[in-house]
Amino acid sequence: MNRDRLYLGFVTALIVTVVIYTSYGLLNSEKKDTHYVVSVIVSNSGSDRWNAFKEGLNQGADEAGLYLNVVSAPAFSRVEEEYGIIGRELENGADGVIVALCDTSDLGGRISELVSEDRVVLIDSDLDLEGGHALVQPDARAIGEAIAQMILDEKETAGKTIGVLTGNQQTLAGRKRLEGFCKKIKEAGREIRFCAETDKQFQEEMKAAPDILAALDSDAMEMALDWLTGGGQMPDCSLYGEGRSERAVYYLDRGRIQGMVVPDEYAMGYESAQLIQKQLEHTESSTTQIETGFISVTKEKMYDKEAEKILFPVVH
C-alpha cells in the first residue's frame, strides 16, 4: 500500500515537472520567435553614402531577429516630411523606427507625440531639448576638431586662406562639428575667410577660391566635389572634410581630397539595430546613448588595416 502511494507520488511529481519544463520551453520559444518590424528613415535613402550603414544595419537586424524596412525617401528639406513618414510607418504596423532627423530642434516635442521613447532610435541627430531618446552617433565636435587638425598638419599652412562648407546647421551635431572646427583653427592662430551652408552661398564665395576648403559633413563634401570636379572648375585648393560616399573614397584615392574623416557607419547601423531590439524587448533604457568611432585618413593611409575596416566593411 505504502509502496503504491510512493509510486503514485513519484509519477505525479514527474508529470508536474514535465508540464512545468514544457510550459517554460514553450514560453521561451515563443519569446525567441518574436520578430519586430522596424522602419528605417533617412534622408536620400538611395544614396551610396548609406551603404556601410545599411550593411551594419542588416547584420545587426539578422542577429536580433528584426524585419527591416528601409523607407525609400528623397533628400529632406523640412523635418515635417520625416514626421509624416514616421506617422505613416507606425500606422502601417511598424513596431519601432530608426531615424536620422534633418532638423533636431523638435519644437513642441513633436517626435514624442508621434512615437513613444521606447520605440525609436535616433542616429546622428541628437535633439536640442533635454530629456532623451536612444541615440547612436559619433562625437560630432571631435569630428570637427579632427578635420581642423588634418589641415593644421599640412605643411606651410600659415598665411593660407580657409573656407568652410558647414553642412547642415539645423542639427545639433552639425553645429557641434562647426564649433569644434572653428575652435581648433582659431586656437592655432589661423583665420577662416568664410563659412557657407547653402550651395548659393558657396558658389558666391568660390568666385575667389580659398587655399584650403573644409567640408564638415558628407553632403558638404559632395557639394565641394561637384564644384571642384565639374563644369571645368578646377581651382587649386586643398580639400579636407568628412566623407562617407564611394565617390568621396574614390577622390581620396585619386588625391583630389587631401584628408578625410570617415565615421564608422557600419558600427552605427549595427548598434542601432541591436539597440532598437533591446528597447522593444524593454531590456535597455530609452535614453541609452552609444558613441561610435571615426578615422582620419589620407591617400597614403587608406589601405592600412584599420582604415580598410571602416572604408570597406566586410560582413562575415
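This note reviews a predicted model of a protein chain in numbered points.

1. Basis. Residue numbers start from 1 along each chain as its sequence is written, and side-chain values use heavy atoms, with hydrogens and water left out. As the model is predicted, local features need pLDDT of at least 70 and side-chain atom pairs count only at pLDDT 80 or more, whereas totals for chains, interfaces and linings use all residues.

2. Overall composition. The protein chain has 11 helices and 12 strands; these are DSSP runs numbered from the N terminus, with helices (H or I) of at least four residues and strands (E) of at least two. Of its 316 residues, 48% count as buried, a class defined by a relative accessible area under 20%, with exposed meaning over 50% and partly exposed in between (1.4 Å probe, protein chains only). The accessible surface comes to about 16200 Å², and carbon and sulfur atoms account for 50% of that area. The areas are from the Shrake-Rupley method with a 1.4 Å probe; for residues, only the protein chains shown count as cover. Among contacts between residues at least 6 apart in sequence, 70% join residues at least 24 apart, where contact means heavy atoms within 4.5 Å.

3. The sheet. Six strands form an open sheet in the order E2-E1-E3-E4-E5-E11, and their pairing is parallel. The edge positions belong to E2 (66-70) and E11 (289-292), each of which pairs on one side only. From one strand to the next, the twist averages 20°. Two strands are taken to pair if DSSP finds at least two bridges between them.

4. Strand E3. E3 (residues 96-99) is joined by 4 bridges to E1 (residues 36-41), and the two run parallel. Within this pairing, Val38 has Gly96 as its bridge partner, and Ser39 has Val97. Another 3 bridges connect E3 to E4 (residues 120-123), again in parallel; here Ile98 stands opposite Val121. In a regular strand the side chains alternate between the two faces of the sheet. Both faces of E3 are covered, with Gly96 and Ile98 buried on one side and Val97 and Val99 buried on the other. Helix H3 (residues 79-91) lies across E1, E2 and E3 and runs at about 165° to E1. Such angles run from 0 to 180 degrees between N-to-C directions, with axes fitted to C-alpha atoms, for helices over the stretch in contact.

5. Helix H6. This helix (residues 172-187) has 16 residues and reaches 22 Å from its first C-alpha to its last, close to the 22 Å expected at 1.5 Å a residue; the expected span is 1.5 Å times one less than the number of residues. Its buried residues are Ala173, Gly174, Arg177, Leu178, Gly180, Phe181, Cys182 and Ile185. Their cover includes helix H5 (140-153) together with strands E5 (134-138), E6 (162-165), E7 (192-196), E8 (212-215) and E9 (238-242). H6 is followed by Gly189, with a positive phi near 80°.

6. Packing of H5 and H6. The two axes come within 7 Å and cross at roughly 35°. The contact involves residues of H5 including Ala140, Ile143, Gly144, Ile147 and Ile151, and residues of H6 including Ala173, Arg177, Gly180, Phe181 and Ile185.

7. Most residues other than glycine have a negative phi, and most peptide bonds are trans. Asp124, in the loop between E4 and E5, has a positive phi near 55° and is buried, with a relative accessible area of 16%. His282, in the loop between H10 and E11, has a positive phi of about 60° but is exposed, at 59% relative accessible area.

8. Glu265. This residue is found in helix H10 (residues 265-280) and is buried, with a relative accessible area of 3%. Leaving aside neighbours within four places in sequence, Glu265 is in contact with Arg49, Trp50, Ala52, Phe53 and Arg244.

9. Arg119. Arg119 is found in the loop between helix H4 (110-114) and E4 and counts as partly exposed at 28% relative accessibility. Its C-alpha atom is separated by 4.5 Å from that of Gly96, 23 residues apart along the chain. Apart from residues up to four places away in sequence, Arg119 touches Leu90, Ala94, Asp95, Gly96, Val97, Ile276, Gln279 and Leu280.
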